[in-house]
Amino acid sequence: MQISIHHMVQTLSRAVDLVGVTDVYHGRRVGIISVEVGRRMGLAAPRLRQVFEAGLLHDCGVSSTVEHTLITGEENGVDFSSHCQRGAAALSQFPPLASLSSIVLNHHTDWAALPAENLRAEEAAITSLVHLSDRVDALCSGHYRDESLLLHVDAIRSRISAGRGRQFSPDVVDAFLAASRPEAFWLLLDVAYIPQYMQDMEAASRPLVGTLDELRAFARLIATIVDGKSHFTAQHSIGVARLARLLGELRGFEGEHLAKIEIAALLHDIGKLQVPDAVLESPRALSPAERAIIKKHSFATYQILRQVGGFDELARWAALHHECPSGKGYPFRLTAEEICEEAAIIKVSDVYQALAQKRPYRGPMPPQAILAELKRMAAAREVDETLVSLVAQHLEACHEAAVGEG
């Protein structure tokens, strides 16, 4: 199985942007601004691609909705270092995107404070470019919904100009002022035109295909970001993937098929990035409105993953982890005959791992108690009975896979 590296980048960008909940285009807008200003700087096509991807992924260390609100607003008193460090560390572990890690690490560092000994002149300029683009979108954010942005352009340009030579590179500020003079620059940031811009950037890119191992590493990168949303879900996706792989092996799957089950399991909760922190970490029973919010996440997973070329099968496996043999699951209300075994494996793995972890409303459950709950669910046709029997036969190994390290 092969997949475009550029598709991986756009998938990660869409996932990270979900954290905005009501404004899910921050990363894409920063990427667009970076390219438009970069063109005025005379950057060559490979560098433009780099600044585009750096813009798309600059906030990949953010999975908390509270943190996202803080860092995409005004800068006063906000600590930016944590998410910069998390994002840089995550990208450094994925070789195709490791070159972006220093940009992500420093994308909130003022021009005058950039560590010159660690950054080449061009890399420092690109880092300042992403910093400026991020702040431009933050200044615009209050004006998208009421379509008043063009009324505030002069004020935004003045705010950015005031940071010339201190907050931002003088060359970058000059390029921004030139690029942002036409109304078309600002209109590109309208939600109606962003998809076309993304398509145009993709069409202009040289194809770069990743291997199955790179795809697995990429899925682990996304899983790390998703699991970082709450300390209650730390290692959840990783544990689900380990257990799904084990159950797949026990069911006789092997090779690429088995790897695809593992990858789908790693990505199953990508849609949860859009769930507000307060809902995910609620210590009490969820209200009907909160349950409705939670129920959106598996469909969001499907919509994100199905946009990746060649990912249709994996998208369904990942998105069906709340479907039930009884037909009472969500989001598609599938019957037992319509739920493939790969999705059923991820469902059982998800339930097992969640029960084995501490949650706001209970402690972690021991293996026998988890098995008892799985048997109850199987009797109620909430999970696949055959897979529960398989867990019972290999309970110790399943528990180790669900809660083990790495």
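Start with the second largest cavity: select Val16, Asp17, His26, Gly27, Leu56, His58, Asp59 and His68, the residues that line it. Helix 1 (5–18) and helix 2 (26–40) are the elements that give two or more residues to this lining. (Helices are DSSP runs of H or I, at least four residues, numbered from the N terminus.) The space inside is about 30 Å³, and the count comes to two cavities of 30 Å³ or more. Here a cavity is a set of points, on a 1 Å grid over the protein atoms alone, where a 1.4 Å probe fits but cannot get out; lining residues have an atom within 4 Å of a point. Grid points are joined across faces, edges and corners, and a volume is the space filled by probe spheres set on the points. Colour the lining by type and you get two nonpolar, four polar and two charged residues. (Ala, Val, Leu, Ile, Met, Phe, Trp, Tyr, Cys and Pro count as nonpolar, Asp, Glu, Lys and Arg as charged, the others, Gly among them, as polar.)

Before moving on: this is a predicted model, with local features needing pLDDT of at least 70 and side-chain atom pairs pLDDT 80 or more, while totals for chains, interfaces and linings use all residues. Residues are numbered from 1 along each chain as its sequence is written, and side-chain values use heavy atoms, leaving out hydrogens and water.

Next, select Arg291, Ile294, His322, Tyr330 and Tyr361, which lie nearest the centre of the largest pocket, out of 36 lining residues. A pocket is an open set with protein on both sides within 12 Å along at least five of seven lines. This one has a volume of about 1,000 Å³. Helix 19 gives the largest share of the lining, five residues. By type, the lining splits into 15 nonpolar, eight polar and 13 charged.

Now the rings. The whole structure has seven aromatic pairs (Phe, Tyr or Trp rings, the six-membered one for Trp, with centres within 6.5 Å; planes under 30 degrees apart are stacked, over 60 edge-to-face, the rest tilted). Zoom in on Phe176 and Phe185: the centres are 6.0 Å apart and the planes at 70 degrees, so the pair is edge-to-face.

Last stop: show Arg29 and Tyr144. The charged end of Arg29 sits over the Tyr144 ring, 3.6 Å from its centre (the rule wants NZ of Lys or CZ of Arg within 6 Å of the ring centre and within 35 degrees of the ring normal).
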